[in-house]
Amino acid sequence: MSLTSAATLTTLDRTGPRRITDLAAVEGVTQPAMTALVRVMEESGLVERRGDASDKRVTLVCLTEAGASYVRTRRQAGVHAFERLIGELTGDEVEALVAALPALKRLAELESQDREGPKK
């Protein structure tokens, strides 16, 4: 799976259903490229398109259960990889990581805000 596909699934997991144009902007690709990507993920059973109840002209891309399961599995694999690597650090290095956690959390929040774009 491409990095853009994985990032798109993660965005949908984090923010909920989105328009293709919104996903393209968040992921930094063109709308035609996102349309093609969504088509492939749809054929794989990871996403589905649904109408927007508030605007019948709009189609939203939504995670399927298989897509949500993929995101959870990938996230858990990342957790296990970090656990293993942290286990190889010295006590001082672990303490330095713990001290850096507030700044790392803030960076993640800023990145998330940047990816989601301006609030409507």
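In helix α3 (residues 31-43), the residues Met34, Thr35, Leu37, Val38 and Met41 are buried, where buried means under 20% relative accessible area, exposed over 50% and partly exposed in between, judged with a 1.4 Å probe and protein chains only. Viewed down the axis of α3, these buried residues lie within an arc of 165°, so they line one face of the helix; the arc is that of the directions from the helix axis to the C-beta atoms.

The model is a predicted one, in which local features need pLDDT of at least 70 and side-chain atom pairs count only at pLDDT 80 or more, while totals for chains, interfaces and linings use all residues. Residues are numbered from 1 along each chain as its sequence is written, and side-chain values use heavy atoms, with hydrogens and water left out. Helices (H or I, at least four residues) and strands (E, at least two) are DSSP runs, numbered from the N terminus.

The face of α3 turned away from its buried side carries the exposed residues Pro32 and Glu43. Proline 32 has a relative accessible area of 54%. Between proline 32 and tyrosine 70 there are 38 residues in sequence and 24 Å in space, C-alpha to C-alpha.

Helix α2 (residues 20-27) can be read in a similar way. Its buried residues are Ile20, Leu23, Ala24, Val26 and Glu27. They cover an arc of only 165° around the axis, which puts them on the same side of α2. Just after α2, glycine 28 takes a positive phi of about 75°.

Next come the strands. Strand β1 (residues 47-52) pairs with strand β2 (residues 55-63) in the antiparallel sense over 6 bridges; two strands pair if DSSP finds at least two bridges between them. A hairpin of 2 residues joins β1 to β2, and aspartate 52 stands opposite aspartate 55 in β2.

Finally, the surface holds a nonpolar patch with about 850 Å² of accessible area together, its members including Phe82, Ile86, Leu89 and Val94. The elements giving two or more residues to this patch are α4 (65-86) and α5 (91-116), and the largest share, 7 residues, comes from α5. Leucine 97 has its place in helix α5 and is partly exposed, with a relative accessible area of 36%. Patches are made of residues with over 30% relative accessible area and no salt bridge, like charges being joined within 9 Å and nonpolar side chains (Val, Leu, Ile, Met, Phe, Trp, Tyr) within 5 Å. A salt bridge is a side-chain nitrogen of Lys or Arg within 4 Å of a carboxyl oxygen of Asp or Glu, and accessible areas come from the Shrake-Rupley method with a 1.4 Å probe, for residues counting only the protein chains shown as cover.
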